[in-house]
Amino acid sequence: YQRRVRGQPFDARTPGETFEEYETTTDPRDPMFYSTCFVPRTNITFENIPAPPARTDPLWRFAGLCMDCSAAGNASWRSDLLPSPLELSADNCVNCIADANLENWPEPTPFDGSANTGWRTGEKGKVCDGLDFGSNKIETRLTDPANAHSCSAESERYCHKFTGPVGMGTRITSNFDCYEAARNDPDCTNIVMRSRDYGRRCMCWRKEQCCGECKLVSSRYGDIFYTD
């Protein structure tokens, strides 16, 4: 039900007499409900295999908890690119098949994150003094010592805060995810730094008084954006 996923490799456990190689659950109160395991197999090419169906069976009720019917309908479409997180509640549960005609739910319009990014470009090839974006790396670099922050016992790059969607990290984020994360982060000013290398990092300038003003300096792979 989410637009993006994050992968992590694991070694499967050896099945025993009372348990299998993996477990499944339909209970959203179990953390396993929110993950999927994929097992690599030999790549075999088959001919004349029909395309998968455009929709999956619409589901909205899980162990006494319910999805919003519109979110369930959108999520049943394989082409769904709407930013609809999985939200379940025991309140106001309804039968979405009977009450919302979920079986005939229309295909949603794919979500265009770029059209919903509300920031404005500030400075191309600039970052706040104190770091620089290299090719797939971040370097501590203070161009002018007068621009150093005064936050005691903090690192040199403390005022440059990584930000990103919860659970998805701060690398290889889309512009929309970076914008939404930065503008909703209570520690961030309206200044966002974005790297143009493969990492596509997302950082903001902290609001704390000890950070002072963001002083712009040249960067080979960095750009400045403003969230307002």
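A residue is called exposed when its relative accessible area is over 50%. In this predicted model, Ile49 reaches 57% and is therefore exposed. Ile49 sits in the segment before strand 1 (61–62). Together with Ile44 and Phe46, Ile49 makes a nonpolar surface patch of about 360 Å².

**Overall make-up**

The protein chain contains three helices and nine strands. Read from the N terminus, their order is β-β-α-α-β-β-β-β-α-β-β-β. Of the 228 residues, 36% are buried. The accessible surface comes to about 14,900 Å², and carbon and sulfur atoms hold 49% of that surface. Among contacts with a separation of 6 or more, 67% are between residues 24 or more positions apart.

In soluble globular proteins, nonpolar side chains tend to be buried together. The largest nonpolar core here has 18 residues, and Cys128, Phe133, Ile191, Met193 and Trp205 have the most contacts inside it. At least two residues of this core come from each of strand 3 (120–128), strand 4 (130–134), strand 7 (188–195), strand 8 (202–206) and strand 9 (216–226). Strand 9 gives the most, with four residues. Another core lies apart from this one; it has 12 residues, including Ala72, Cys96, Leu102 and Trp105.

Phe176, Asp177, Cys178, Tyr179, Ala181 and Ala182 are buried in helix 3. The buried residues of this helix pack against strand 7 and strand 8. Glu180 and Arg183, also in helix 3, are three residues apart, so about one helical turn separates them. Their side chains form a salt bridge. Glu180 is partly exposed at 22% relative accessible area, and Arg183 is partly exposed at 45%.

Asp185 is placed in the loop between helix 3 (175–184) and strand 7. Its relative accessible area is 13%; the cut-off for buried is under 20%, so Asp185 is buried. Beyond its neighbours within four places in sequence, Asp185 contacts Lys161 and Thr163. The contact with Lys161 includes a polar contact between the two side chains, at 3.0 Å.

**Salt bridges**

The whole structure has 13 salt bridges. Three of them are set out below.

| Asp27 | Arg29 | 3.0 Å |

In the Asp27 pair, Asp27 is partly exposed at 23% relative accessibility, while Arg29 is exposed at 62%.

Asp187 is partly exposed, with 33% relative accessibility, whereas Arg206 is buried, with 13%. Salt bridges with shared partners join Lys161, Asp185, Asp187, Arg206 and Glu208 into one network.

**Cys93**

Cys93 is found in the loop between helix 1 (69–75) and helix 2 (96–100). At 28% relative accessibility, Cys93 is partly exposed. Setting aside neighbours within four places in sequence, Cys93 is in contact with Arg61, Gly64, Leu65 and Cys66. The C-alpha atoms of Cys93 and Met67 are 7.9 Å apart, and 26 residues separate the two along the chain.

Terms used: Residues numbered from 1 in each chain as written. Predicted model: local features only at pLDDT ≥ 70, side-chain atom pairs only at ≥ 80, totals over all residues. Heavy atoms only, no water. Core = buried A, V, L, I, M, F, W, Y, C linked by side-chain atoms within 4.5 Å. Buried < 20%, exposed > 50% of the residue type's maximum accessible area, 1.4 Å probe, protein only. Polar contact = N/O pair within 3.5 Å; in protein donor to acceptor, adjacent residues only side chain to side chain. Contact = heavy atoms within 4.5 Å. Patch = residues over 30% accessible without salt bridge, like charges linked within 9 Å, V, L, I, M, F, W, Y side chains within 5 Å. Areas by Shrake-Rupley, 256 points an atom, 1.4 Å probe, with all protein chains shown as cover. Salt bridge = Lys/Arg side-chain N within 4 Å of Asp/Glu carboxyl O.
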